[in-house]
Amino acid sequence: MKLYCIGIGPGGEEQMTLRAVRALEKCDCVAGYGLYLDLIENLIEGKARVQTGMTKEVDRCTAARDLAKQGKTVAVVSSGDAGVYGMAGLLFEVCENDPEIEVEVIPGITAACSGGAVLGSPMTCDFACVSLSDLLTPWEVIEQRLRGAAQGDFCIALYNPASKKRTDHLRRACDILLEVQPPETVCGLVRNIGRAGEEYTLTTLGALRDTTVDMLTTVFVGNSRTRVVNGRMVTPRGYRGV
């Protein structure tokens, strides 16, 4: 019994690893959020699709598990990397009582890497990833993590910065970071990473506080050494002689 958990990166097949493509070729069924399945439509033509909406992740993984127990080779796909805010952990939990199922996680390019490449090189040094969604993590915990990252002078990638219901989370996050970091700290935003309409903006932490974003945006906050080099966001690692 084989169950893959595949990170498809930010966009279509050109954003995926060859290993991920090869795994999809072996599958009878592919489970995922509808948008992600559409992004890889050319790679899963003729395969059964298990499609569920947001907040139905448990149902999706359970359906994939049950298909694997029937002898199907199944893939559960996540955007970015399956182990970074993706489905890998949940899939292992769902299959906890089914050790006969072999679960193989295939990594993909997470937004911190793909979005960082669009901006330049903001994550060259130590960095932290923090999701601003409090759907599964209490806001008090998110605040604690933001303060820790700011005090440690980490570059920070902010995932899930806003939604229709969470319109003020980025502002609240900036207020926390501004307790430690100066308002001129270099920041960047990337929207539609690796997809049609991809765009990026450089800004400062002070201005970021009043910037409108959505769930398709990943936000990058620099550290004390981050600067703008020829219009790109760069965090020097500190190589000698430069």
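**Figure 1. Overall chain of the predicted model.** The secondary structure of the chain amounts to eight helices and 13 strands, where helices (H or I, at least four residues) and strands (E, at least two) are DSSP runs numbered from the N terminus. The radius of gyration is 19 Å, close to the 18 Å that the globule rule gives for 242 residues, so the chain is as compact as a globular protein of that length. This radius is taken over C-alpha atoms, and the rule is 2.2 Å times the number of residues to the power 0.38. Along the principal axes, the C-alpha atoms fill a box of roughly 55 × 40 × 30 Å. The model is predicted: local features need pLDDT of at least 70, side-chain atom pairs count only at pLDDT 80 or more, and totals for chains, interfaces and linings use all residues. Residues are numbered from 1 along each chain as its sequence is written, and side-chain values use heavy atoms, with hydrogens and water left out.

**Figure 2. The open sheet of five strands.** The strand order is β7-β8-β11-β9-β10, with mixed pairing; two strands pair if DSSP finds at least two bridges between them. β7 (127–131) and β10 (199–204) are the edges, each with a single partner strand, so one side of each has no neighbour in the sheet. On average, neighbouring strands of this sheet are turned by 20 degrees against each other, direction ignored. Strand β9 (residues 186–191) and β10 run antiparallel and are joined by six bridges. Cys187 stands opposite Thr203 in β10.

Figure 3. Helix α5 (residues 111–119) lies across β7, β8 (155–159), β9, β10 and β11 (217–221), and runs at about 75 degrees to β11. α6 also packs on the sheet, where it touches β7 and β8, and its direction makes about 160 degrees with that of β7. Axes are lines fitted to C-alpha atoms, for helices over the stretch in contact, and angles run from 0 to 180 degrees between N-to-C directions. Contact means heavy atoms within 4.5 Å.

**Figure 4. Packing of α6 against α7.** Helix α6 (residues 139–151) packs with helix α7 (residues 169–177) at an angle of about 40 degrees, their axes being 9 Å apart. That makes α6 oblique to α7; angles under 35 degrees count as roughly parallel, over 145 as roughly antiparallel, 65 to 115 as roughly perpendicular and the rest as oblique. From α6, Trp139, Glu143, Leu146, Arg147 and Ala150 meet His169, Arg172, Ala173, Ile176 and Leu177 of α7.

**Figure 5. The open sheet of three strands.** Its order is β6-β13-β12, and the pairing is mixed. The edge strands, β6 (120–121) and β12 (227–229), each pair on one side only. β6 pairs with strand β13 (residues 232–234) in the parallel sense over two bridges. Met233 in β13 is the bridge partner of Gly120.
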